[in-house]
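Please look over the sequence and the model before reading on.

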Amino acid sequence: MFISGACCGSFITCMAERHNGMKSLYTNQRSICPKCQHQLRYWQLMPLLGVCLQRGRCFDCHMQISLRSTWIELICGSLLLLNWQGPLATSAPLLLGYAVLLFNSLTDQAHFAVFPITLIIPALIGLWAHPLTFSVPLLILIILLICLYLLAWRTKKFGAGDVDILVLLACLASPTLVLNSLILASGAALAVFILPPQRRQLPFVPFMTWAFILLTQLN
């Protein structure tokens, strides 16, 4: 299960990087080194092992390999290993949601781009598995979502894609957990924003993703 999760993490990173590089998502060609453009061999593409076998550097040009994909592979492998034995109605929507969140985190970090179409399936499965029931936290969350959509529509200080991600989280977990995730993500983003070097714009989806993963795993 860990190996399967690591392979999923490799696929998520590959799709995000190809999209960020404006390359076709549907191709029979293997990935290439971003510096020497050499097509990677099969053993170089092995999740986790590929970067270890190359000792962290490209086998051909010796350029240092980014560990972003390695970390995503490790995290996805661990998440699948820890959650696959849980109730299917709980684990399936959550794991699918994790995958979509990680993909949008990578695209948001690279180009401040979120793809709402990728959120539809996990959101629907989450609602089917856990229908919403009225509560005070849910009412607070709905009001907050409306306000954030209005803020995104009237200003450029908050992206509508960030609100779409919050809607997905509301379909996957309880309103209280979503609100706590937003508070944790906002605090972490604020801490990073005020630290040097000063930033004019900060991708928020990665913060929401990691906060949501952390709280759902600790819950």
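Predicted model: local features only at pLDDT ≥ 70, side-chain atom pairs only at ≥ 80, totals over all residues.

## Helix α9

Helix α9 covers residues 205–218. With 14 residues, α9 reaches 20 Å from its first C-alpha to its last, close to the 20 Å expected at 1.5 Å a residue.

The buried residues of α9 are Val 205, Pro 206, Phe 207, Met 208, Thr 209, Ala 211, Phe 212, Ile 213 and Thr 216. Several residues of α9 take part in the two helix contacts described next, among them Ile 213 and Phe 212.

## Packing of α3 against α9

Two packed helices are described by the angle between their axes and the distance between the axes. For helix α3 (residues 68–83) and α9, the angle is about 25° and the axes are 12 Å apart. Angles under 35 degrees count as roughly parallel, and α3 and α9 are therefore roughly parallel to each other. Their crossing is left-handed.

On the α3 side, the contact involves Ile 72, Ile 75, Leu 79, Leu 82 and Asn 83; on the α9 side, Trp 210, Ile 213 and Gln 217. Sorted by class, this contact of α3 with α9 has six nonpolar residues, two polar residues and no charged residues.

## Packing of α7 against α9

Helix α7 spans residues 160–172 and packs against α9 at an angle of about 15°, with the two axes 10 Å apart. This pair, α7 and α9, is therefore also roughly parallel. The crossing of α7 and α9 is right-handed. Asp 162, Ile 165, Leu 166, Leu 169 and Leu 172 of α7 meet Val 205, Met 208 and Phe 212 of α9. By class, the contact of α7 with α9 has seven nonpolar residues, no polar residues and one charged residue.

Helix α7 has 13 residues and reaches 19 Å from its first C-alpha to its last, close to the 18 Å expected at 1.5 Å a residue. How much of α7 is covered? It is mostly covered, with 11 of its 13 residues buried. The buried residues of α7 include Asp 162, Ile 165, Leu 166, Leu 169 and Leu 172, and these residues also belong to the contact with α9. Gly 161, Val 163, Asp 164, Leu 168, Ala 170 and Cys 171 are buried in α7 as well.

Helix α1 runs over residues 2–20 and contains Ser 10. Is Ser 10 buried or exposed? Its relative accessible area is 18%. Buried means under 20%, so Ser 10 counts as buried.

Leaving aside residues up to four places away in sequence, Ser 10 touches Leu 45, Pro 47, Ser 69 and Glu 73.

Most residues other than glycine have a negative phi. Which way does phi of His 62 go, positive or negative? His 62 has a positive phi of about 65°, although it is not a glycine. His 62 lies in the loop between α2 (49–53) and α3. With 53% relative accessibility, His 62 counts as exposed.

Phe 112 also has a positive phi, near 50°, in a residue other than glycine. Phe 112 is found in the loop between α4 (88–111) and α5 (120–129). At 39% relative accessibility, Phe 112 counts as partly exposed.

Terms used
Residues numbered from 1 in each chain as written. Heavy atoms only, no water. Axes fitted to C-alpha atoms, helices over the stretch in contact; angles between N-to-C directions. Helix = DSSP H or I, 4+ residues; strand = E, 2+ residues; numbered from the N terminus. Parallel < 35°, antiparallel > 145°, perpendicular 65-115°, else oblique. Left-handed = near helix turned anticlockwise from the far one by under 90°. Contact = heavy atoms within 4.5 Å. Nonpolar A, V, L, I, M, F, W, Y, C, P; charged D, E, K, R; others polar. Expected span 1.5 Å × (residues − 1). Buried < 20%, exposed > 50% of the residue type's maximum accessible area, 1.4 Å probe, protein only.
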